[in-house]
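Here is a short briefing on one protein model. Look at the sequence and the structure first, then read the points topic by topic.

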Amino acid sequence: MSEIDFTLATTQEIIKELASRAKKKRKKNGTQKQFAEHIGMSFRSYQEFEISGKITLEKFIDVLRG
């Protein structure tokens, strides 16, 4: 799979790409529930992030740190 060019992508495409990358990394280390607990986020909120990419900046930083 090739990476998208962020300079040419729409905002929605970038959001989906970032969520997809987070999901791939998370899958290497456990379930959504385990990861959500690890970063202090509700399971449902994290699950919605992987599906839609919608998340606050603060929570996105938590995901990156996790």
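Both Tyr46 and Phe49 are buried, where buried means under 20% relative accessible area, exposed means over 50%, and partly exposed lies in between (1.4 Å probe, protein chains only). This is a predicted model: local features need pLDDT of at least 70, side-chain atom pairs count only at pLDDT 80 or more, and totals for chains, interfaces and linings use all residues. Residues are numbered from 1 along each chain as its sequence is written, and side-chain values use heavy atoms, with hydrogens and water left out.

**Aromatic rings**

- Tyr46 and Phe49 both lie in helix H3, 3 residues apart, about one turn of the helix. Helices here are DSSP runs (H or I, at least four residues), numbered from the N terminus.
- An α-helix has 3.6 residues a turn, so residues three or four places apart point the same way.
- Rings of Phe, Tyr and Trp (its six-membered ring) pair if their centres lie within 6.5 Å; planes under 30 degrees apart count as stacked, over 60 as edge-to-face and the rest as tilted.
- By this rule the count comes to 3 aromatic pairs.
- Tyr46 and Phe49 form a tilted pair, 5.9 Å centre to centre, with 55 degrees between the planes.
- One aromatic cluster is formed by Phe35, Tyr46, Phe49 and Phe60.

**The nonpolar core**

- Which residues make up the largest nonpolar core? They are Ala19, Ala22, Phe35, Ala36, Ile39, Met41, Tyr46, Phe49, Phe60 and Val63, 10 residues in all.
- H1, helix H2 (32-39), H3 and helix H4 (57-65) each supply at least two residues of this core.
- H2 gives the most to this core, with 3 residues.
- A nonpolar core is a set of buried Ala, Val, Leu, Ile, Met, Phe, Trp, Tyr and Cys residues joined through side-chain atoms within 4.5 Å.
- Leaving aside its neighbours within four places in sequence, Ala22 is in contact with Tyr46, Phe49 and Val63. Contact means heavy atoms within 4.5 Å.

- After H2 comes Gly40, whose phi is positive, near 75 degrees.

**Salt bridges**

- Side chains of opposite charge can pair when their charged atoms come close.
- The structure holds 5 salt bridges. A salt bridge is a side-chain nitrogen of Lys or Arg within 4 Å of a carboxyl oxygen of Asp or Glu.
- Arg21 forms one of them with Glu3, the closest N and O atoms being 3.2 Å apart. Arg21 lies in helix H1 (residues 11-27) and Glu3 in the segment before H1, so the pair ties together parts that are 18 residues apart in sequence.
- Arg21 is partly exposed, at 29% relative accessible area. Glu3 counts as exposed, at 63% relative accessibility.
- Glu3, Glu17 and Arg21 are linked in a network of salt bridges.
- The side chains of Arg26 and Glu50 also meet in a salt bridge (2.8 Å, N to O). Arg26 lies in helix H1 and Glu50 in helix H3 (residues 43-52), so the pair ties together parts that are 24 residues apart in sequence.
- Are Arg26 and Glu50 buried or exposed? Both are buried.
- Glu48 forms a salt bridge with Arg44, the closest N and O atoms being 3.5 Å apart. The two are 4 residues apart in helix H3, separated by about one helical turn.
- Glu48 is partly exposed, with a relative accessible area of 31%.

- Leu64 lies in helix H4 and is exposed, with a relative accessible area of 58%.
- Leu64 and Ile39 are 25 residues apart in sequence and 9.5 Å apart in space, C-alpha to C-alpha.
- Ile61 is also found in helix H4 and counts as partly exposed, at 34% relative accessibility.
- Ile61 and Ala22 are 39 residues apart in sequence and 11 Å apart in space, C-alpha to C-alpha.
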